[in-house]
Amino acid sequence: MNARESARDGIASDRKSAAAAGPSSVTRKAATIVFKRYATVLLLVVFVVVFAATSPQFLTTANWQNLLVVQAVVSCTAFAAILPLVVGEFDLSLGNMIGFLTMLGAFLSGQGYEAPVVIPVMLLGGVLVGLLNGFLTVYFQISSFIVTLGVGIVLSGFTMGLSGGQVLFDGIPQVILSVGQEHVLGLGITVWLTGIIAALLLYMLEQTPFGRKLYAVGGSERVAFLAGIRTGLLKIAAFAIAGLLTGVGAIFALGQNGAANAGFGPELLLPAYAAVFLGVTTYRPGYYNIPGTLIAILLMAVGFNGLNLLGAPFWVQPIFNGTVLVVAVICARAESSRTK
């Protein structure tokens, strides 16, 4: 056998090896991509299988209807948290803001105002608070962390002032109660509306120039500014839309509860941020995104609901939420570092 024949045999052997290893290599690569992008989905499936096997109430229609309805308010708060995060800012006033707007709606209802007045005022109130957060952050060059924390504290004072130390439940408009408590095609109206809001936000963030500019500002504000993007205006707009979404969440909360109390709101902040950070690991790893956040909300809801059905005490929820938040921040940081 001469050298040319030996080389030909060697190449043929390599091709056979590559052909033999090809499908398994492709499968391995596909499995790696699925695991990296959709690990939370796989974990959600594991949760569902485990809780379905251990609790007969878990897969009942009533349980899932209640689980999804409860998450509508959390989802709106999480959506509101995403927009400032996309442009590189925080909004810590969201919890107190939703409590204030809920109380404002209940207060106006108690004064005899109907839905055509109460609903626009709640939405406009959210937008105005968002504009205030954005204006103070951009034009006074104050950290959004500090600004929104201060605004949140101020809002908590207004909430207590409106409540007068009581739970307000008189005169809540029937339209708001219907939105919060009635079902269509087996799902709560708030669940359907949350899905529509999620679809609109997904389209806005990923398919419009406005959404792409928001991501550009969050990626590098300096580069975005030099590229001609009005970064300050976009940041204010992000805070204003966050306020509008918080107003929608407040309407859902008022409708579901049929009342407002001064203590409602702040407890929604950490689960919302935990869902947003955990969502960074899914769908578009390294980026704040709507589908990943929805999956994270569902994951947290299923986890706590399953534990609750298994008899876990009430104090497990803050432990569960806190643990998820820490894990989510670590995962989000790892994904952000990987995409840079």
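Me: How are helix 7 and helix 10 oriented relative to each other?
Reply: In this predicted model, the axes of helix 7 (residues 189-207) and helix 10 (residues 231-257) come within 12 Å and cross at roughly 170°. Angles over 145 degrees count as roughly antiparallel. The two helices, helix 7 and helix 10, are therefore roughly antiparallel.

Me: Which residues of helix 10 make the contact with helix 7?
Reply: The axes of helix 7 and helix 10 come within 12 Å. On the side of helix 7, the contact is made by Thr190, Leu193, Thr194, Ile197, Leu201 and Met204. Their counterparts in helix 10 are Ile241, Leu245, Val248, Phe252 and Gln256.

Me: How are helix 6 and helix 7 oriented relative to each other?
Reply: Helix 6 (residues 174-181) packs against helix 7 with the axes 5 Å apart, at an angle of about 80°. Ser178, Val179 and Gly180 of helix 6 meet Ile189, Thr190 and Leu193 of helix 7. Angles of 65 to 115 degrees count as roughly perpendicular. Helix 6 and helix 7 are therefore roughly perpendicular.

Me: How many salt bridges are there?
Reply: Side chains of opposite charge can pair when their charged atoms come close. A pair counts here when a side-chain nitrogen of Lys or Arg is within 4 Å of a carboxyl oxygen of Asp or Glu. By this rule, the number of salt bridges is 3.

Me: Is Arg284 buried or partly exposed?
Reply: Arg284 forms a salt bridge with Glu206, the closest N and O atoms being 4.0 Å apart. Glu206 is in helix 7, and Arg284 is in the loop between helix 11 (269-279) and helix 12 (290-309), 78 residues apart. Glu206 is buried, with a relative accessible area of 19%. The relative accessibility of Arg284 is 26%, and the residue therefore counts as partly exposed.

Me: Which helix gives the most residues to the nonpolar patch?
Reply: The patch on the surface is formed by Phe90, Phe135, Tyr139, Phe140, Ile142, Phe145, Ile146, Leu149 and Ile153, with about 910 Å² of accessible area together. The elements that give two or more residues are helix 4 and helix 5. Ile142 is in the loop between helix 4 and helix 5, and is partly exposed, with a relative accessible area of 34%. The most, 4 residues, comes from helix 5.

Me: What is the phi of Gln141?
Reply: Most residues other than glycine have a negative phi. Gln141 has a positive value although this residue is not a glycine. Gln141 is in the loop between helix 4 (115-139) and helix 5 (144-163), and is exposed at 68% relative accessibility. The phi of Gln141 is near 50°.

Me: How far apart in space are Gly105 and Ala250, C-alpha to C-alpha?
Reply: Gly105 is in helix 3 (residues 94-110), and counts as buried at 0% relative accessibility. Leaving aside neighbours within four places in sequence, Gly105 is in contact with Val118, Met122 and Leu254. Gly105 and Ala250 are 145 residues apart in sequence. In space, their C-alpha separation is 8.3 Å.

Conventions. Residues numbered from 1 in each chain as written. Predicted model: local features only at pLDDT ≥ 70, side-chain atom pairs only at ≥ 80, totals over all residues. Heavy atoms only, no water. Buried < 20%, exposed > 50% of the residue type's maximum accessible area, 1.4 Å probe, protein only. Patch = residues over 30% accessible without salt bridge, like charges linked within 9 Å, V, L, I, M, F, W, Y side chains within 5 Å. Areas by Shrake-Rupley, 256 points an atom, 1.4 Å probe, with all protein chains shown as cover. Axes fitted to C-alpha atoms, helices over the stretch in contact; angles between N-to-C directions. Parallel < 35°, antiparallel > 145°, perpendicular 65-115°, else oblique. Contact = heavy atoms within 4.5 Å.
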